[in-house]
Structure formats: C-alpha cells, structure tokens
Amino acid sequence: MSPVAAIYYDGSTARAIPVELSVEGPNLHVRNRAADGELVTTVPRTNVAVTSRLAAIRRILRLPDGAQIHCDDNDAIDALLPEYAGGTIVDRLERHPAAVAASLLVGGLAIAWFFFFGLPQIAKSIAREIPPAAETLIGTQALEILDRTTLQPSELPPEVQDHLTATLSRFVAGTPDAGKYTLVFRKLPGNLPNAFAIPGGPIVVSDGLIDALPDDDAFLAVVAHEIGHQAHRHVLRHVLQGSAVIVAATLLTGDVSSATGVVLAVPTFLLSSRYSRDFEREADAYAFAALRERNITPEWFANALRSLEANSPVSMDPGSASTYISTHPASQERIDAALEAAGGFDPLELIVAKQMAESAGTGEAFDAARLVGCWTGRLAIEENRYSQWEVSFGAEGNVVARFLTLDDNDGLLAMSSDTGRWASSGDILTVRLLTRQAATGTSAIDDLQSYVMYGLTDQAMRYESLSTEIYYESQRIDCAELSLPGGA
C-alpha cells in the first residue's frame, strides 16, 4: 500500500518532522519526507502502541524510545496496522445512528434524574453535614445583608414583641434545640406581611404579618411551619440544589465548610423564591404535629393562610420584597391538609368563642337557639354614610350575610356578600366568614369576629365587637324579606 503521511516527534525536542510510514513484514519504517525518504527509524510492529480510534480524533503511535508519530488519517492507520483497526466500542457505537440516538436519550434521562433526584439527595446530605457553627454564620451574614438591603427596623411596640417572644418560648420549650429558635422583628417596605426562617435558628417576622394574623395561635401556626423549614434545613438544601458548583466542590474536597459560599444566595431565595411542594409538605407536617402536641388545632394554620392571602397585594413589582403568600402559596391542598390534621378538635369558631367567654365575656349568656333566623341593622359610619347588614344564622351553624354601604338617600355605594359559620359560648358570639363576593369577584377569606352579647330577645339583640369595640343593635326580620345569596 502507499506510504502514510504523518508527523514525527523524537521525544527530546518539540521539532515536528514530516514523515512517511510503511510496513515491511514485522517492521514499521519511518522515513523523512523532507530528506528524500531518509530512514528515520525502524520499529518492530509489536513494540508500537497505537491509541484507540475515536471519531476523527488524531491517532498517536508511541515508540519504545519515547518518540511519537501523529496521524490524522484514521483509515490509513487501520490499513497499515490492521491489528489496531478494531477501534473501541465507543467509536463503533458513535458511527451507528441508532446507538447515537439511544445514547442521547439515555444521557438526557441520566441528567434529568440527577437534577430531579440525585442532586436533591446530595444537597440534603451536604446540608445535614454542615456544622451548626457554619450554619449560624451563614444565617448571621444573610440577615446582615437583608438588613442592609431590604429589611427595616420594626415599629411594633416593645410589649408586643416581648409578648410574642414569650409565646414562642413557651411553644418550643422542651423541644430539641429550643434555645436556638428566636424571633427577629423587622418591617418590610409597604408593611408587607412575611415570615421566613434564617439558617441557624432566627425566624424573621414582619410587622405586616403580625397585623394580618388574628390570634396568637395563628401566629404560632405560621412560626411552627417556619421551624419545620429550620428542622429540615430547607433553605440550605434549596440553595445547594441551585448551586451545583458548590455541591461538586464539596463532593470532591470533602470539605462541607466550603458550602458557606451559599450565603450570598440565601437572602435572594428568602425574599423571592418559593419552596418546593415537597418542602412545604414537610414543613406543614412538622407544624401540624407540633400544634397537636400542644393541644392547638392545626385549623389555625388554614386560618393564617387565608388571612394572609386576603391581606397580600394582588401583584408585586419585579424585584420588590415579597409577601408570605408569594413565597408560601396558600394552595387548597395545604388548607385541606390542615383541616384533616385538625380532626378531633372543635371547629375553630367554637374554640374562639370558648376562649373569649373565659377571658373577655362581660355580657349576658344567651340561648343559641334563639339566634337562629334572620336579622338586620343599620349604623352610621361617617357623615352621610351608613352601613346596613342583613344576616341569616342557620341552625346547623352556617351564616350568610350581606353588607351594604348607603348614602343619605339610601343610594347604594358598595355591597358585599359573605358566607361562613358561627358558634357561641356563654355570652360570646363568634362569626367566621370564609368567602366574600363583591364587585371584584368572589374570594376566599378567613375573618374571625367575636361579639359579646348584652341582650337577646325574640325580636332584638344588642352586642359589641371585641376587636373594634363598636356597639350594634339588630332586629329580627322575616327571612323571606332578604335577597341573600345561598342560604343558611
């Protein structure tokens, strides 16, 4: 066969010599093309090492004295030295269309498996191995960044902060690492409601969150959920899953302290990202169990989600601070899970009525059966404006209400229709409104309102709101006179 063109390197210098390769019997001859075919060397073929064929990658022939011969013509090398012509399995597969397609499919599935299953498990393992001191450092630095960029000093009165701090201390007493869970009070721009767990133990709660929640138990339900994120190290796991470079470095070096590089990603995640559905389920389950252990109904969690959703802005400017609902969506699945976990407890409206009767009741106990039926009343709310209500209390605990805003001439200015449930205990009536229909559409709410009853007869009742201290009077009317949506 014709000589094969190649490049010869003697192994001592970087000089490239153009050569021709030929085979005679058991020997490989190398001749200098630039010197009229002068023989450079002769090597037994059995002493030549040839790299495997792989696509169009240059083949290298290694000689015993350290010299190398480089050749780009793979077919010529295979013909010259057929003992090396078999190629690797990879080379043969690469030239087979079906094998290429299969390898692409398998490779894609392997990458998908890694990112959806492998990487989360690796991140979980790394997060678990990060020393508590390193986790605390990450949290401290992340909070410092948030304080410089987004968070503002809280405007809550010191006595409110002290009360909530003591409430949390009682809640976590006796649990592992109880001492590390602390409240950090801050205000967000626009007084947005939010709460998030900082690695290491602190839980940031905004003034807007405290304003939006109706009760200490609703506050504890939210905080218990955030403690669940802490216990499962969800912040670190989520950030590590998005930081494959840090994960790879940790796996290669075995030094989990290098994962402290996630600190810059933590503040962004806390303000703008959502936890995965699995992380939310884990934190919810932790919260439900913690609430039940302390004889607090998990229904408070459903109440908190609905209340926060009702108090969250519909839309946010890109890059602005987020609300609690934007980072912890109040899905119906989560609310249903809370209601299921509340099995065995009294309905929330009855629990609140009993609590208020023990702590705030100063009126007259009444027979709840006398309340069943329809009532109406009217109250001046400002000059030339009046609020009128029409309410139907059902015997099974359902309530339907319509609220009208009228002018001096009974002209309609605004109207909403609510549905929900009611319960009573002693001198307390508690109404829990769950849906609201207004000009903007129907929305889910969870508005708990308690009233102390001062007098209830067959035709009239007198009562006062425990939250607003507004005094009301209502008169019984025939339900047929009402045009309420649904029915009680």
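View 1. Axes are lines fitted to C-alpha atoms, for helices over the stretch in contact, and angles run from 0 to 180 degrees between N-to-C directions; helices (H or I, at least four residues) and strands (E, at least two) are DSSP runs numbered from the N terminus. H7 contributes Asp-217, Ala-218, Ala-221, Val-222 and His-225 to the contact, and H12 contributes Trp-300, Phe-301, Asn-303, Ala-304 and Leu-308, where contact means heavy atoms within 4.5 Å. Seven of the residues in this contact are nonpolar, two are polar and one is charged, with Ala, Val, Leu, Ile, Met, Phe, Trp, Tyr, Cys and Pro counted as nonpolar, Asp, Glu, Lys and Arg as charged, and the others, Gly among them, as polar.

The model is predicted, with local features requiring pLDDT of at least 70 and side-chain atom pairs counted only at pLDDT 80 or more, while totals for chains, interfaces and linings use all residues. Residues are numbered from 1 along each chain as its sequence is written, and side-chain values use heavy atoms, leaving out hydrogens and water.

**View 2. Leu-183 and Phe-219 touch the most other members of the largest nonpolar core.** This core has 43 residues, and its largest share, eight residues, comes from H7; a nonpolar core is a set of buried Ala, Val, Leu, Ile, Met, Phe, Trp, Tyr and Cys residues joined through side-chain atoms within 4.5 Å, and buried means under 20% relative accessible area, exposed over 50%, and partly exposed in between (1.4 Å probe, protein chains only). Not counting residues up to four places away in sequence, Phe-219 touches Leu-164, Leu-183, Val-205, Ile-210 and Leu-213.

**View 3. Strand S2 (residues 17-24) pairs with strand S1 (residues 4-9) and is joined to strand S3 (residues 27-32).** S1 and S2 run antiparallel over five bridges, pairing being assigned if DSSP finds at least two bridges between two strands, and Val-4 stands opposite Leu-21 in S2. Six bridges link S2 and S3, also in the antiparallel sense, and Val-19 has Asn-32 of S3 as its bridge partner. The hairpin of S2 and S3 has two residues between the strands, and Gly-25 takes a positive phi near 60° there.
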